[in-house]
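Here are my notes on this one, written as a few numbered points. Keep the picture open while you read.

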Amino acid sequence: MDADKQICGLGPDSQFVELAVEVFAMLADATRVRIILALRQAGEMSVNHLADVADKTPAAISQHLAKLRLARIVESRQEGQRVFYRLANEHASQLVSDAIFQAEHALGGTPRHHRVPIDQPPVVSTGPR
């Protein structure tokens with residue numbers, strides 16, 4: 001198991017620690033978090049659509065997207081004059097989700113992500129079979 005941690009870079013002496021800090025720094029911006037949440041939900045969006053969702057100007061969104069693209073968090077494709085953006089992989093989305101969940105814990109009580117939906121019965125364990 002320790003070998004798996006070393007291969008994946010999860011040890012405290014990992015060569016990826018500094019790069020991970022850069023990823024967190026890249027995500028330490030509310031507009032970028034909103035962009036990632038929007039792309040997570042929609043899959044792919046244009047700059048203008050992202051600007052509407054984030055309530056920012058297209059120019060501001062373009063600057064954030066350029067940084068996210070350099071960090072390889074988003075990818076783009078061009079269709080005529082329009083450029084569409086999507087998440088490069090699921091990891092940034094998962095980081096943002098976990099950060100939102102951690103923020104819910106900071107409010108106290110039972111966070112929404114721990115509550116069972118009303119239309120879904122709780123899972124009941126009957127023990128080993």
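1. Two pairs to look for: Glu75 has Arg86 of S3 as its bridge partner, and Ser76 has Tyr85 of S3.

2. Before going on, a word on what you're looking at. This is a predicted model, where local features need pLDDT of at least 70 and side-chain atom pairs count only at pLDDT 80 or more, while totals for chains, interfaces and linings use all residues. Residues are numbered from 1 along each chain as its sequence is written, and side-chain values use heavy atoms, with hydrogens and water left out. Helices (H or I, at least four residues) and strands (E, at least two) are DSSP runs, numbered from the N terminus.

3. What order do the three strands of the open sheet take? They run S1-S3-S2, with antiparallel pairing. S1 (45–46) and S2 (74–79) are the edge strands, each pairing on one side only. S1 joins S3 (residues 82–87) over two bridges, and Met45 has Tyr85 in S3 as its bridge partner.

4. Now the helices. H3 lies across S1, S2 and S3 and runs at about 90° to S3. The axes of H3 (residues 30–42) and H4 (residues 47–54) come within 10 Å and cross at roughly 115°; axes are lines fitted to C-alpha atoms, for helices over the stretch in contact, with angles from 0 to 180 degrees between N-to-C directions. On the H3 side the contact (heavy atoms within 4.5 Å) uses Arg34, Ile35, Ala38 and Leu39, and on the H4 side Leu50, Val53 and Ala54. By class, that's six nonpolar, no polar and one charged.

5. Last, the largest pocket, with a volume of about 560 Å³. A pocket here is an open set of points on a 1 Å grid where a 1.4 Å probe fits, with protein on both sides within 12 Å along at least five of seven lines; lining residues have an atom within 4 Å of a point. Of its 20 lining residues, Leu19, Ala20, Val23, His91 and Leu95 are the closest to the centre. H2 (17–27) and H6 (91–106) each supply at least two lining residues.

Definitions and conventions: Nonpolar A, V, L, I, M, F, W, Y, C, P; charged D, E, K, R; others polar. Pairing = 2+ DSSP bridges. Points joined across faces, edges and corners; volume = space filled by probe spheres on them.
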